[in-house]
Amino acid sequence: MKRWLTALPLVIIGLLGVLFATFGLHHDPHVIPQALVGKPLPAHPLPPLDGGAAVDLRTTVQGPTVINVFASWCAPCIEEAPALMAMKAEGVRIIGIDFKDDAGRAHAFLAERGDPFAQVLADKDGGAVLDLGVSGAPETVLGSPAGQIIAKRSGALTPKDVDELMRTAAASR
């Protein structure tokens, strides 16, 4: 019995190693959950960053609309700012959701980096962002004219992401 108890930690470590080798090594960290793609945009009311009455997120979508989650404290959001400005220059309608941020800092961020957004909504508690299937900033969702989520990108947008979103948006018209 004593020998069994002394060997128990080694058995547990061995089992954990097998579990890790079976499941952990086969997980692709680059896979982005797309669970809400094809689902309706959430009807979540959010106040404009400038204040005022809450706006239903679904009603902000007019034609294909990019919904970008950003924050002033988010370093990758700085990195993706030029890509968003390029999309705006192409005539893409972009709605911004300021995620768990201070309104003053968000305004300063947009003044410094450029404001690509047709409208900026504030999500102080992060509830609407979670309903959108987003886990943090930056993340970008493409909404269809029918009010569905048709694409999602996590992390800072790259030129390749922008091209893919533009093609998807054109196909949804």
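## Around Gly-133

Gly-133 touches Leu-36, Glu-139 and Lys-152, leaving out residues up to four places away in sequence; contact here means heavy atoms within 4.5 Å. This glycine sits in the loop between α4 and β6. Is Gly-133 buried or partly exposed? With a relative accessible area of 28%, Gly-133 is partly exposed (buried means under 20% relative accessible area, exposed over 50%, partly exposed in between, using a 1.4 Å probe and protein chains only). Gly-133 and Lys-152 are 19 residues apart along the chain, and their C-alpha atoms are separated by 9.0 Å.

The loop between α4 (127–131) and β6 (139–143) also holds Pro-138. As a rule, most peptide bonds are trans.

## What kind of model this is

This is a predicted model, so local features need pLDDT of at least 70 and side-chain atom pairs count only at pLDDT 80 or more, while totals for chains, interfaces and linings use all residues. Numbering starts from 1 along each chain as its sequence is written, and side-chain values use heavy atoms, with hydrogens and water left out.

## Overall layout

The protein chain has 5 helices and 7 strands, and from the N terminus on they run α-β-β-β-α-β-α-β-α-β-β-α. Both kinds of element are DSSP runs numbered from the N terminus: H or I over at least four residues for helices, E over at least two for strands.

Of the 173 residues, 39% count as buried. Take the contacts between residues at least 6 apart in sequence: 70% of them join residues at least 24 apart.

The largest nonpolar core has 23 residues, and Phe-70, Met-87, Ile-94, Leu-110, Phe-117 and Leu-157 touch the most other members. A core of this sort is a set of buried Ala, Val, Leu, Ile, Met, Phe, Trp, Tyr and Cys residues joined through side-chain atoms within 4.5 Å. At least two residues of this core come from each of β3 (65–70), α2 (75–89), α3 (103–113), β5 (119–123) and α5 (159–171). The biggest giver is α2, with 4 residues. There's also a second, separate core of 17 residues, and its members include Val-61, Ile-97, Val-129 and Leu-132.

Back to Phe-117: setting aside neighbours within four places in sequence, this residue is in contact with Asn-68, Phe-70, Leu-84, Ile-94, Ile-95, Gly-96 and Leu-110.

Ala-53 is in the loop between β1 (45–46) and β2 (55–56). Ala-53 counts as exposed because its relative accessibility is 63%. Beyond residues up to four places away in sequence, Ala-53 touches Pro-47 and Pro-48. The C-alpha atoms of Ala-53 and Ile-94 are separated by 20 Å, and the two residues are 41 apart along the chain.

Lys-100 lies in the loop between β4 (93–99) and α3. Although not a glycine, Lys-100 has a positive phi of about 45 degrees. Lys-100 counts as partly exposed, at 47% relative accessibility.
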